[in-house]
Amino acid sequence: MGARGELFTTQITLDNRSYFFNIKENRTGDVFLQIVESKSKDGGDFDRHQIAIFADDMQKFLQGMEKSLTFIEKDRKNRQKIAREKKEAKEKAAAKKIYRVKGEEGAAPAAEGPKKTGRIHVVSKRQVAAAEAETKSEE
């Protein structure tokens with residue numbers, strides 16, 4: 001048994017974080033997993049957080065971890081599927097665009113509504129009120 005009851009330890013280093021997985025034994029002989037996250041802060045200090053999972057609770061802990069990992073994987077695949085469908089829809093819409101040349105036969109008809117010239121289209125409140133009143137009277 002090593003210092004402070006350590007039976008086994010392994011380390012995983014990522015960008016500015018390190019994770020330590022320590023198997024320890026306490027004074028009463030209980031074996032547990034200690035997970036420590038060590039994150040470097042500005043100025044060279046470290047912020048440390050740890051959790052301990054006892055051997056009796058390990059199966060429940062692993063079941064929760066497995067459910068979480070399954071959810072993450074399904075969510076990742078779903079997001080990829082949605083992104084792929086959006087990309088395909090965008091490509092399909094771009095392929096369907098029909099450009100019309102003035103005076104050419106068989107060209108797509110102009111869209112209804114105000115002509116979009118890039119300028120601001122101002123509609124009077126009176127015109128809007130009159131159009132609403134007209135639609136109400138038709139009903």
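Ser38 is in contact with Asn16, Arg17, Ser18, Phe20, Phe46, Asp47 and Arg48, leaving aside its neighbours within four places in sequence. In this predicted model, Ser38 belongs to strand 3, which spans residues 31–40. Ser38 counts as buried because its relative accessible area is 10%, below the limit of 20%. Strand 3 pairs with strand 2 and also with strand 4.

**Strand 3 and the setting of Ser38**

- Seven of the ten residues in strand 3 are buried, and the strand is described as mostly covered.
- Among the contacts of Ser38 are Phe46, Asp47 and Arg48; strand 4 covers residues 46–54.
- Other contacts of Ser38 include Arg17, Ser18 and Phe20, and strand 2 covers residues 17–25.

**Pairing of strand 3 with strand 2**

- Strand 2 and strand 3 run antiparallel and are joined by nine bridges.
- Ile23 has Leu33 of strand 3 as its bridge partner.
- Arg17, a contact of Ser38, has Lys39 of strand 3 as its bridge partner.
- The two strands form a hairpin with five residues between them, and Gly29 in the turn adopts a positive phi of about 95 degrees.

**Pairing of strand 3 with strand 4**

- Strand 3 and strand 4 are likewise antiparallel, with nine bridges joining them.
- Glu37 has His49 of strand 4 as its bridge partner.

**Pairing of strand 1 with strand 2**

- Strand 1, residues 6–13, pairs with strand 2 in the antiparallel sense over seven bridges.
- Ile12 has Tyr19 of strand 2 as its bridge partner.
- The hairpin that joins strand 1 to strand 2 passes through three residues.

**The protein as a whole**

- The protein contains four strands and two helices, and the order of its elements from the N terminus is β-β-β-β-α-α.
- Buried residues account for 9% of the 139 residues in the protein.
- Of the contacts between residues at least 6 apart in sequence, 8% join residues at least 24 apart.

Conventions: Residues numbered from 1 in each chain as written. Predicted model: local features only at pLDDT ≥ 70, side-chain atom pairs only at ≥ 80, totals over all residues. Heavy atoms only, no water. Buried < 20%, exposed > 50% of the residue type's maximum accessible area, 1.4 Å probe, protein only. Contact = heavy atoms within 4.5 Å. Pairing = 2+ DSSP bridges.
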